[in-house]
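Visitor: I am new to this structure. Please take me through one part of it closely, the pocket and what surrounds it.

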Amino acid sequence: LLCFSFLLLTSSLKPIYLVIGYGESSIYSRISNSDLYPECPSFLDSIIIQNNKKFNTNFLSRYPKCAAKLLRVQFNTSTKTIDQLPGIKTESTYLNDTSILSDTFGSILNKIKRLGYQDNIDLFSVGYNYFFHPISSFLVYEKLKKKIEEVYTRTGQKSIIICSGQDSSFSSIFLSNYSQTEWIKHYIDSVIFLSPTFAGSPSLS
């Protein structure tokens, strides 16, 4: 926390992005052609699978075969990519305010806001569909990249990325596999990993 406080005090309100995906992002699905999936309810425009940290147990227990289709991916032989089933899109909220982060970033978030940070101005949460990570995360990376560039153009400040636990994998891939070195030097001030588990958590007995 001392290192974190020092970075904030010397950052002149550099934009902060808090990665929240694993287990906390809201996950929802949309079906564009309900005729393909009779096992799914046709009366819903958007099917909530998880809202913040709470699973939609009512839906999951009533429509288990539908849930299996919503969370399934397959290799598309035409595009040579991993895709969901035709007509299904399962995703998360991407860039949002920090209202749901009190459990994970409680004390840190309080310090940040006392320094004058404001949601959706220089403080953002970053969500992703952790069920499909890293397959679907590159779409989120593109949105995150554009937001970082947009805020830099407005403020002239490089960004700070903060993540914890298994969300460290999301940030690590964004910086190591998705972004170019010159882009990182130009737009990223620092990255803070809190109790990172880049390759999952150990099983202790």
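Guide: One definition comes before the tour. A residue counts as buried under 20% relative accessible area, exposed over 50%, and partly exposed in between. Keep in mind that this is a predicted model.

Start with the largest pocket. It holds about 240 Å³ of space. Its lining has 17 residues, and the closest to its centre are Gln84, Lys89, Ile135, Ser136 and Leu139. Three elements each supply at least two lining residues: strand 6 (81-84), strand 7 (88-92) and helix 5 (137-155). Strand 7 gives the most, with 5 residues. By class, the lining has 9 nonpolar, 5 polar and 3 charged residues.

Ile135 leads on to the surface. Together with Val73, Phe75 and Ile82, Ile135 forms a nonpolar patch there. The patch has about 330 Å² of accessible area. Val73 sits in strand 5 (residues 73-76). Val73 counts as partly exposed because its relative accessibility is 31%.

Now for the backbone. Most residues other than glycine have a negative phi, and most peptide bonds are trans. His133 and Pro134 are joined by a cis peptide bond, with omega about 5 degrees. Pro134 belongs to the loop between strand 9 (123-126) and helix 5.

Lys80 has a positive phi, near 60 degrees. Its place is the loop between strand 5 and strand 6. Lys80 has a relative accessible area of 59%, so it is exposed.

Asn120 also has a positive phi, near 65 degrees. Asn120 lies in the loop between helix 4 (102-114) and strand 9. Its relative accessible area is 42%, so Asn120 is partly exposed.

Terms used: Residues numbered from 1 in each chain as written. Predicted model: local features only at pLDDT ≥ 70, side-chain atom pairs only at ≥ 80, totals over all residues. Heavy atoms only, no water. 1 Å grid on protein atoms, 1.4 Å probe; cavity = no way out; pocket = protein on both sides within 12 Å on 5 of 7 lines; lining within 4 Å. Points joined across faces, edges and corners; volume = space filled by probe spheres on them. Helix = DSSP H or I, 4+ residues; strand = E, 2+ residues; numbered from the N terminus. Nonpolar A, V, L, I, M, F, W, Y, C, P; charged D, E, K, R; others polar. Patch = residues over 30% accessible without salt bridge, like charges linked within 9 Å, V, L, I, M, F, W, Y side chains within 5 Å. Areas by Shrake-Rupley, 256 points an atom, 1.4 Å probe, with all protein chains shown as cover. Salt bridge = Lys/Arg side-chain N within 4 Å of Asp/Glu carboxyl O. Buried < 20%, exposed > 50% of the residue type's maximum accessible area, 1.4 Å probe, protein only.
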